[in-house]
Amino acid sequence: MFSGFPHPLPWYVAGPLIGLVVPTLLLLGNKSFGISSNFRHLCAALVPCRIEFFGHDWKRLGSWNLVFLLGIFAGGALASVVAPPVRLNLSAETVSALQQLGLRDLTGLVPHELFSWSTLLTLKGFVSMVVGGFLVGFGAAYAGGCTSGHAIAGLADLQLPSLLAVCGFFAGGLATTHLLLPFLLR
Amino acid sequence: MMLFPYFLAGSFFGIVIVEAEVVSWFRIQEMFRFQSFHMYGIIGTAVLTAAVSLLILKKFGVRSLDGEPVATSPKTLGSGARYLVGGSIFGLGWALTGACPGPMVGLIGSGAPIMLVPLAAALAGTLAYGCCRPNLPH
């Protein structure tokens, strides 16, 4: 629809807009920006079990956040209709590194050679989607937050625990990128 | 509680992360390979904007719509193990899925239903943490 829409939205526009979510949620109702709490709320809502971690009043504490999450879904849908992402303008070094790992299709937002229903039961597809997702959910719950809660809201609030968590995020991410992916994809 | 404003805030966030390609597996690879400033610029300016906003809100004792003064609750440090170990586990997964929790949902909305798989796996991971929690160092 808007063919002139800049892609990607420049970092100096996107970053401040994302940062403004933190005060917005505080102003709306003293809510802390943090998306992975929703995993805990969803487990409490969906899984009938007597585990202490899921014994909280998820409706009272988590309704606003689950609605926020629904909003992300709707926003993603709207964005893809109104101004769909074009071919990514990736750095040449990354393109060549990924090609060396054997990825040929670098279009779209996720690599189709790894993320598709047909690759789900291959080793690289299973590890990328199922093992990766499991680690994200386990790690975020263990660390008490994910990129939004620690790397954005926590760091902005000068919280030392969040700095430790972000160091962990990068340690893990670098290990996967430089040690695991070459082994997994080749 | 009025929930609709949170829906709007979430939609706004969802639009920005899709349009800025924060949800892209490839952008996350660029970041972890230090081959583009894009993601660092976004995270850096997001933190800066949020930090300045917090300072202003607290300095002037601004009240939220429910009437309470705006406040954040400090996280307990403990031994720090949960942040370093939990964070590292999260990071291992983040570079695999190329999407942290928000982007997973944004991607599903933007037409990548395959991301329901990592999302379901993440719920299983959180469930597993809930089960192991008493036996983990925090």
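1. Let's start where the two chains meet: 121 residues of chain A are in contact with 111 residues of chain B, contact meaning heavy atoms within 4.5 Å. Please keep in mind that this is a predicted model, where local features need pLDDT of at least 70, side-chain atom pairs count only at pLDDT 80 or more, and totals for chains, interfaces and linings use all residues. Residues are numbered from 1 along each chain as its sequence is written, chains are lettered from A in the order in which they are written, and side-chain values use heavy atoms, with hydrogens and water left out.

2. Together the chains bury about 10,100 Å², with 78% of it on carbon and sulfur atoms; buried area is the accessible area (1.4 Å probe) that two parts lose on being put together, summed over both. Trp11(A), Leu109(A) and Tyr142(A) supply 8% of what chain A buries against chain B, more than any other three residues.

3. How many salt bridges are there between chain A and chain B? The count is one: Lys58(B) pairs with Asp157(A), their closest N and O atoms being 3.0 Å apart. The term covers a side-chain nitrogen of Lys or Arg within 4 Å of a carboxyl oxygen of Asp or Glu.

4. Now for an open space in the model. The largest pocket has a volume of about 1,100 Å³; a pocket is an open set of points on a 1 Å grid over the protein atoms alone, where a 1.4 Å probe fits, with protein on both sides within 12 Å along at least five of seven lines. It has 43 lining residues, meaning those with an atom within 4 Å of a point. Closest to the centre are Ser32(A), Ser37(A), Gly144(A), Ser73(B) and Lys75(B).

Key: Points joined across faces, edges and corners; volume = space filled by probe spheres on them.
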